[in-house]
Amino acid sequence: MSDAQQVLAESARRRTFAVISHPDAGKSTLTEALALHAEVIDSAGAVHGKSGRKGVTSDWMEMERSRGISVSSAVLQFAYRDQVINLLDTPGHGDFSEDTYRVLTAVDAAVMLLDAAKGLEPQTLKLFDVCRSRGVPVITFVNKWDRPGREALELLDEVEQTIGLRPMPLTWPVGIAGQFRGLVERETGAYTAFTRAAGGATKATATAVDATTIAAQEPEFWRTAQDELGLLDEIGQTWDEKDFLSGIATPVLFGSALSNIGVARLLDTLVDLAPAPAARADVEGHDRPLDAPTSGMVFKVQAGMDKAHRDRMAFLRLCSGRFERGMILTHAATGKPFATKYAQSVFGNERTTVEEAFPGDIVGLVNATALKPGDTLYASGPVEFPTIPAFAPEHFAVVRCKDAGKTKQFRKGIEQLGTEAVIQVLRSDLRGDQAPVLAAVGPLQFDVVSARLETEFGAPVTMDRLPYKEARLTDAEAFQVLSAQSETEVLRRDTDGAYLALFSNKWRMDIVMRKYPDLRLDAMPAGT
Ligand code: GDP
């Protein structure tokens, strides 16, 4: 096999995805269930034994527990049915940061995890918006089906009505939530019964049962399920690959991460239906073929992952070619060489050296001080992928240096953190250089900035939250008018010089918009 053929074959085996959900929907439980079902492999492709497997997932969770937040979103890689699955963690904390969004720029598909009792929740909606704006196909998994919840049809209706995504159930539950009996495969009609083992075990046992048997055992539940299936066929909620890949429709599965119901079905769906890595468009709009020379996009930079060493790790999503540890890549933004001697894969706080990786895989690059999210690295044939857009901030704070003797360090730190895209830095003449405004998608970003300014730059700061809630992109012409409005402020963003208008609330903003319909006030949907 030629090198190009091998790259194509390897990338065709990759499925790179993330789970999007609201806290408590069961993401950690599902992640562990998926990894336990499959086999966690190391970067060299070797499958870990049972103990290794356990270590990997529990370490990952341990880190989340001990720090309260999974600030270190990492990657779980596992083998399933001869495929390599990369599961990128999106920080699961109730708090939110741009990191969560950026992870979605590095995946080829997402699993939208819903709690059967709660349906679509706020963070799920926000993350879904990012998937939609980036054209990431979404598979829906309705979780916690083992306990009382809402009706299946009602949940599907909510998905369709709220986000305009047509649900295409692949399986259908028999028995209502809480009195769940099993799942019917829509395509074949095959039925699998799930029974809890005796002795309080949480894992359910799956048994194939023929339709006549279950129809006799559970006539009521069976009839209801058949009626519902008939209805789904009638209204055309059937599998359509094109609609899934174009983000108009979502395959839906029912199950329980905790009881291990539907977990293998989800893995099968990922392998059978989710897209493999595809050629990524560069800044000029040309697709970079998968078998072109090595290239990748940095989607996340994490500082202080290793307490013992003050390091910075950049996570690179491979977009084309074969990656080999030690190769010298070019940093597109500066044209400087970047040595990959210390390439690693990261499972929580466990690191393994990466020897080789293919499109779809994630490589952690240590000591990546020059790299920032959105940067491109390539081996040859200059290429640059589009940078990751700044997401709409919703939280704002004025930052000031506590110690007048440290203003130089303060200024340097703010500049550095802004360039790294840890936070968006906004300024105005009115506020002056010593009190810039920081804009964040989630308040967690302020804590990260405070901590890093103090520990890395020796500049302790105070943060005063500002009462703004809405931000819009505007321009120099609108500056005068907007600055004269109450509860409104206009600032410029350091990184691109864009004008941002901040409003105390949506109501206030709407008044201004109505009064001055010609002003430029563009929404910043995630991804623009
Ligand atoms: P995360 O915040 O989304 O990562 O959610 P977790 O995985 O931590 O789960 C939140 C809670 O829901 C935990 O108490 C889990 O045990 C529970 N949970 C997760 N999946 C299921 C499920 O399928 N059934 C039931 N009954 N509980 C679940």
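Colleague: Why is D24 called partly exposed?

Modeller: D24 has 14 C-beta neighbours inside 10 Å. A residue is buried if 20 or more other C-beta atoms lie within 10 Å of its own, exposed if 12 or fewer, and partly exposed in between; C-beta atoms are placed from the backbone. So D24 counts as partly exposed. This is a predicted model: local features need pLDDT of at least 70, side-chain atom pairs count only at pLDDT 80 or more, and totals for chains, interfaces and linings use all residues. Residues are numbered from 1 along each chain as its sequence is written.

Colleague: Where does D24 lie?

Modeller: In the loop between β1 (14-20) and α2 (27-37). Helices (H or I, at least four residues) and strands (E, at least two) are DSSP runs, numbered from the N terminus. D24 is not a glycine, yet its phi is positive, about 85°.

Colleague: What makes A421 buried?

Modeller: A421 has 22 other C-beta atoms within 10 Å, so it is buried. A421 sits in the loop between α11 (407-419) and β26 (424-427). Its phi is also positive, near 65°, and it is a residue other than glycine.

Colleague: How do you know that β30 and β31 pair?

Modeller: Two strands pair if DSSP finds at least two bridges between them. Strands β30 (residues 488-493) and β31 (residues 499-503) have 5 bridges, in the antiparallel sense. L500 in β31 is the bridge partner of L491.

Colleague: What is the strand order in the open sheet?

Modeller: The 7 strands run β28-β25-β27-β26-β30-β31-β29, with antiparallel pairing. β28 (461-466) and β29 (470-474) each have a single partner strand, so they stand at the edges.
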